[in-house]
Amino acid sequence: MRVVIVGGGFGGLEAAKALADASVEVTLMDRQNHHCFQPLLYQVATATLSPADVAWPIRAILSAQRNVRVVMAEARGVDLAARCVKTDAGDFPYDQLVIATGATHAYFGHDGWAPWAPGLKRIEDATEIRRRILTAFERAELASDPHERDRLTTFVVVGGGPTGVEMAGAIADMAREALSPDFRNVDPTRARVLLIEAGPRLLPVLPETLSDYARMTLEKRGVEVLLGAPVTDIGEGFVRVGDHRVLVGAVVWAAGVAASAAADWLGAEKDRAGRVLVGPGLSVPGHPEIFVIGDTVLALDAAGNPTPGIAPAAKQMGRYVGAVIASRVSGRPSPTAFRYRSQGDLATIGRKAAVVKLNRITLRGFAGWLF
């Protein structure tokens, strides 16, 4: 049996590993030849880690698994009738297909903001954000106009979810601790960092007490937190919040994501974010041989709640789908409907501070950071 897995992220890799002992031929394809550990990209973007610290070759990860073939190719569609994935490197036939193509940045209809406010999904995004932040300080060092210097050392993060909170805290730490001894004409400790969130609080998936703690901790580090403040425009060197125009040196977008084009490839029903609506077994209605997992899918539990778009959920989906395919090959009964088991939520707030929610246990501050 030929199994094609599109995407070498958390879900795709787990699906491949779950098929290690199955009598199948697995082809795992990705447009990159490395797996990126996305939760730590914010540290690459703020020069705490190098890109090599968060990237591993997919071939090396799966080198011991003899039934897997890794190819670097970009999927461009699926021929449902012929059962093949169409890519820039040719067509790949399948008997079972797993789509784990992830998500990208969503600008809520304002795609023109993208050049000025890059998101954080790939290593290339992280290195570009790092370049913009460091270049802003270098230009501020040369600026003779104090107003221009203030503009260049003003940084805006849009979005108060985990990525936004982590980025804002890391930029503040970078300016006040890592860069402060290195400049002479500009004082990095006076850099202005704004975290802008359209909703009423940060980290809405966490209890309100932890959201409040995250806000207070960021403010102690010098971050200005603006809540209930939707961004209305972004352009070269500025961000507009309502009627107020903020001049900036760099902007980071962490406010929303949209699924890949998988739903269009499959002609499947999708939600407003482009996520494919699947059945309880994570297969596409009418196509039991096609599974969609990770950020590309809208999987609802018995209560109608969506599975969160986080790495643990993608990994659980990958293991589940791998088990279903292995059962089909061996003739054993397939596992019951997919059920996500929450392992908790967490967000880092700069150095030595974090918030963690593990069922009934909550941690914050240094204890959360150690966890």
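Start by selecting Phe 137: its relative accessibility is 1%, so Phe 137 counts as buried, the cut-off being under 20%. Keep in mind during the tour that this is a predicted model.

**Phe 137 and Phe 155**

Show the secondary structure next: Phe 137 sits in helix H4 (residues 123–142) and Phe 155 in strand E11 (residues 154–158). The two are 18 residues apart, and the pair links distant parts of the chain.

**Tyr 320 and Phe 338**

Now select Tyr 320 and Phe 338, an edge-to-face aromatic pair with 5.6 Å from centre to centre and 65° between the planes. Tyr 320 belongs to helix H9 (residues 311–330), while Phe 338 lies in the loop between H9 and strand E23 (345–348). Here too the partners are 18 residues apart and join distant parts of the chain. Are Tyr 320 and Phe 338 buried or exposed? Both are buried.

**An aromatic cluster**

Select Tyr 107, Phe 108, Trp 113 and Trp 253 together; ring pairs link these residues into a cluster. The structure holds 9 aromatic pairs.

**Val 355**

Move to strand E24 (residues 354–358) and pick Val 355. Val 355 has 0% relative accessibility, and therefore counts as buried. Which residues does Val 355 touch, leaving out those up to four places away in sequence? They include Leu 203, Leu 206, Leu 210 and Tyr 213, as well as Leu 346, Ala 347 and Ile 349. Leu 363 and Arg 364 are also among the residues touched.

**The whole chain**

Zoom out and colour by secondary structure: the chain has 10 helices and 25 strands. Its radius of gyration is 22 Å, close to the 21 Å from the globule rule for 371 residues, so the chain is as compact as a globular protein of that length. Along the principal axes, the C-alpha atoms fill a box of roughly 70 × 45 × 40 Å. Of the 371 residues, 49% are buried. Among contacts with a separation of 6 or more, 60% are between residues 24 or more positions apart.

Finally, switch to a surface view. The accessible surface is about 17600 Å², and 51% of it belongs to carbon and sulfur atoms. Colour by charge to find 41 positive and 39 negative charges, whose mean positions are 4 Å apart.

How values were computed:
Residues numbered from 1 in each chain as written. Predicted model: local features only at pLDDT ≥ 70, side-chain atom pairs only at ≥ 80, totals over all residues. Heavy atoms only, no water. Helix = DSSP H or I, 4+ residues; strand = E, 2+ residues; numbered from the N terminus. Rg over C-alpha atoms; globule rule 2.2 N^0.38 Å. Buried < 20%, exposed > 50% of the residue type's maximum accessible area, 1.4 Å probe, protein only. Contact = heavy atoms within 4.5 Å. Areas by Shrake-Rupley, 256 points an atom, 1.4 Å probe, with all protein chains shown as cover. Lys, Arg positive; Asp, Glu negative; His and termini not counted. Charge placed at Lys NZ, Arg CZ, Asp CG, Glu CD. Phe/Tyr/Trp six-rings, centres within 6.5 Å; stacked < 30°, edge-to-face > 60°.
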